Amino acid sequence: MKTTTARKVVEPDPRTTCPVCGDTEKTSDYNVDVGMCSKCLWFLDPTRGGVDHGNFMVRVSAPHDGPTAGVRFAEIRPRGFWSGIIEVHENINHVYNDKIKTVEKNWDVRVSWGSGGTDGTQDSIRAAENFTRAMDYAVMLARLWKMQRQQGKEV
Ligand SMILES: [Zn+2]
């Protein structure tokens, strides 16, 4: 017995090119009101502290409440990469000091990074340069945050 299957032609979803990062996104996901794709909006939403530095985008966040209230977290997306591949984390370590019978708080600041993957909008040398600039910024931010915490500054 022979069966035939009707082949349905699947039309590709229409895509919109983001004027900020140059990548394309499904038009149904693209944010017309703010004029950028959802990936850029994650980093550059002015109501959430996003900043565009040219070679990279930075978003710093900190929970308002809970045990980690005020602890900062930065996500950095170099241009040409689809995600935040460099992160700066603050962390409080609570250590009990037996001599003075007190729990001491020690601040730790870490920089971490992954490959993330490029989005194809920049050539690989340019993408690598953007990564390098973003990493320089992450190191600067980590040093600044550590210094602020060591000086006991409220941030
Ligand atoms: Zn974009």
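How many bridges join β4 to strand β5? Six, and the two strands, β4 and β5 (residues 73-78), run antiparallel.

## Basis of the model

This is a predicted model: local features need pLDDT of at least 70, side-chain atom pairs count only at pLDDT 80 or more, and totals for chains, interfaces and linings use all residues. Residues are numbered from 1 along each chain as its sequence is written.

## Overall build

The chain has two helices and seven strands. Helices (H or I, at least four residues) and strands (E, at least two) are DSSP runs, numbered from the N terminus. From that end, the order is β-β-α-β-β-β-β-β-α. The radius of gyration is 22 Å, well over the 15 Å that the globule rule gives for 155 residues, so the chain is more spread out than a compact globule. That radius is taken over C-alpha atoms, and the rule is 2.2 Å times the number of residues to the power 0.38.

Along its principal axes the C-alpha trace spans about 85 × 45 × 30 Å. Of the 155 residues, 22% count as buried. Buried means 20 or more other C-beta atoms within 10 Å of the residue's own; exposed means 12 or fewer, and partly exposed lies in between, with C-beta atoms placed from the backbone.

Strand β3 (residues 50-52) pairs with β4 (residues 56-61) in the antiparallel sense, over three bridges. Pairing requires that DSSP finds at least two bridges between the strands. Asp52 has Met57 of β4 as its bridge partner. Three residues lie between the strands of this hairpin, where Gly54 takes a positive phi near 90 degrees. On the β5 side, Ser61 stands opposite Phe73.

## Helix α2

Helix α2 (residues 124-150) has 27 residues. From first C-alpha to last it reaches 39 Å, close to the expected 39 Å. The expected span is 1.5 Å times one less than the number of residues.

Ala127, Asn130, Phe131, Ala134, Ala138 and Trp145 are buried in α2. Their cover includes β4, β5, β6 (86-97) and β7 (102-113). Just after the helix, Gly152 takes a positive phi of about 75 degrees.

## Thr121

Thr121 is found in the loop between β7 and α2. This residue is partly exposed, with 17 other C-beta atoms within 10 Å. Leaving aside neighbours within four places in sequence, Thr121 is in contact with Cys21, Gly22, Asp23 and Gly80. Contact means C-beta atoms, placed from the backbone, within 7 Å. Thr24 is 97 residues away along the chain, yet its C-alpha atom is separated from that of Thr121 by 9.2 Å.

Notes: Two residues are in contact if their C-beta atoms, placed from the backbone, lie within 7 Å.
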